[in-house]
Amino acid sequence: MFSAVIGIPVSFLAFWFLVALHELQRLLWQVLPGQFGLQAPPWWWPLPLLTLAGAIVGLVVTRLPGRGGHVPAGGLHTGGLTPSALPGVVLAALAALPLGAVLGPEAPLIAFGGGLALLFRDLVRTPATPPQSNALVGAAGSAAAIATIFGNPVVAGVLLMEVAGVGGPQLFAVMLPALLASGVGDIVFTGFGRWTGLKTSHLDIGLPRPPTLDAGDVVWGVLLGLVVGLAVHLIVTGGKAAAVFVSRRPLPHTVLCALAAGACAAVYALATGRTPEEVASSGQTALAQMAADPHLWPAGALVAVLLCKGAGYALCLGSLRGGPIFPSLFLGGAAGLLAAPLPGFGVVPAMAAGMAAATAAAMRLPVSSVVLVVLLLGNVESVPVVVLAVVVAFVAAELLPQGPDIPPLPPPGGGRPPAGRAPRPASSRP
């Protein structure tokens, strides 16, 4: 009952939090350049904005409780933050995301929703027993908040289930073979049903079906999943290295990493003549535009955005505050669009395989990656390619060296960090 009630104020406040992020980004990247007589942000626009973002986030990390939330390179988290950390989480997100961080809003939303749920529980004086109640209430609040960005409660529920580690290592041990077998089985079933003309009984309500997959989509999709999974894993490893660099001197090194991310966007704009916002952002808007008008992205621009946004993504993962999902979706979609002209490949299965592999390698949440990409695409014919790309990318990323552990940051106001290594997040190697 409490979880049902708590979803109302949490989702309401999360909605306005997202509205604030959107309006600030529109103000800084669309309205403000027009005030200076510019039709679009010039190449140098990300440099001062991301430098300011680094300074604010660095101050939040060193001065406020909760350090602005978790380091994005460590994956998504559901617990560990108290209501006292909410101001830092909100301020860090409002500073980093609209100013051009190559991160998404999902991690701040998870922390925001979980913190609000615990705050409301304390305000109504609901008992905090048994000990698991903190985790349960926090997860309920996080799910209510994250559903506002994905627009689907199924994605929120599955994502929080995997992030919270429900089922432990057995979840991955059972789910990966099951995903792989179901994906292969669907291809075999579809192949026999379409290629021979024979039919079997299955669920079909008569809606028109999109173009069917062929062998090229499956083969190229698996290969693309492997390449994209390896590339995104290298980016995340670079983000962990950046986090180690930032931990040595949080404030100045956060500013340096943010400035370097701004330089990536500036180089992209100089090299392509396109807007630097295509690099200095989460990629959510650009991905929708790419899917709607893929012909507006020539091969040179795709290569440039993959290189520059990948580098900026790694720097922001280790220094600023935000989530890893939306930039990985964009990078996977861009890689898929670049590979779409291969013989027998298509734009839809190529982008599906790329996005699925990128999210699986970035989040290490295979089931959530499948559900998210399938619901985003709305194309049931691409489900087998999505499943195979997710499994291939996940396994490839798990078999590679995982990079350095992210060291704990010093407590707010200075002092020595706690001894020992930071705990590995639930979304990392099972």
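# Exercises on loops and helices

Arg364 is situated in the loop between α13 (347–363) and α14; helices are DSSP runs of H or I with at least four residues, strands are runs of E with at least two, and both are numbered from the N terminus. The model is predicted: local features need pLDDT of at least 70, side-chain atom pairs count only at pLDDT 80 or more, and totals for chains, interfaces and linings use all residues. Residues are numbered from 1 along each chain as its sequence is written, and side-chain values use heavy atoms, with hydrogens and water left out.

**Exercise 1.** State whether Arg364 is buried or exposed, and describe its phi.

*Solution.* Step 1: the phi of Arg364 is near 60°, a positive value in a residue other than glycine. Step 2: Arg364 is buried, because its relative accessibility is 6%. Step 3: Arg67, likewise not a glycine, has a positive phi of about 55°. Arg67 lies in the loop between α2 (46–63) and α3 (86–96) and counts as partly exposed, because its relative accessibility is 24%.

**Exercise 2.** Compare the span of α14 with the expected value, and list its buried residues.

*Solution.* Step 1: α14 (residues 366–377) has twelve residues and reaches 17 Å from its first C-alpha to its last, close to the expected 16 Å; the expected span is 1.5 Å times one less than the number of residues. Step 2: its buried residues are Pro366, Val367, Ser368, Ser369, Val370, Leu372 and Val373. Step 3: just after α14, Gly378 has a positive phi of about 65°.

**Exercise 3.** Identify the polar contacts made by the side chain of Glu278.

*Solution.* Step 1: Glu278 is in the loop between α9 and α10, and it is buried at a relative accessible area of 11%. Step 2: its side chain makes a polar contact of 2.4 Å with the side chain of Tyr268; such a contact is a pair of N or O atoms within 3.5 Å, and within protein one must be able to donate a hydrogen and the other to accept it, while residues adjacent in sequence count only if both atoms are side-chain atoms. Step 3: a further polar contact, of 3.0 Å, links the side chains of Glu278 and Arg274. Step 4: beyond neighbours within four places in sequence, Glu278 is in contact with Tyr268, Trp297, Val305, Lys309 and Phe330.

**Exercise 4.** Locate Ser282 and find which backbone nitrogen its side chain reaches.

*Solution.* Step 1: Ser282 belongs to the loop between α9 (250–272) and α10 (284–292). Step 2: Ser282 is buried, with a relative accessible area of 13%. Step 3: the side chain of Ser282 reaches the backbone nitrogen of Gln284 at 3.3 Å. Step 4: apart from neighbours within four places in sequence, the residues in contact with Ser282 are Ala101, Leu103, Gly104, Lys309, Phe326 and Pro327.

Definitions and conventions:
Buried < 20%, exposed > 50% of the residue type's maximum accessible area, 1.4 Å probe, protein only. Contact = heavy atoms within 4.5 Å.
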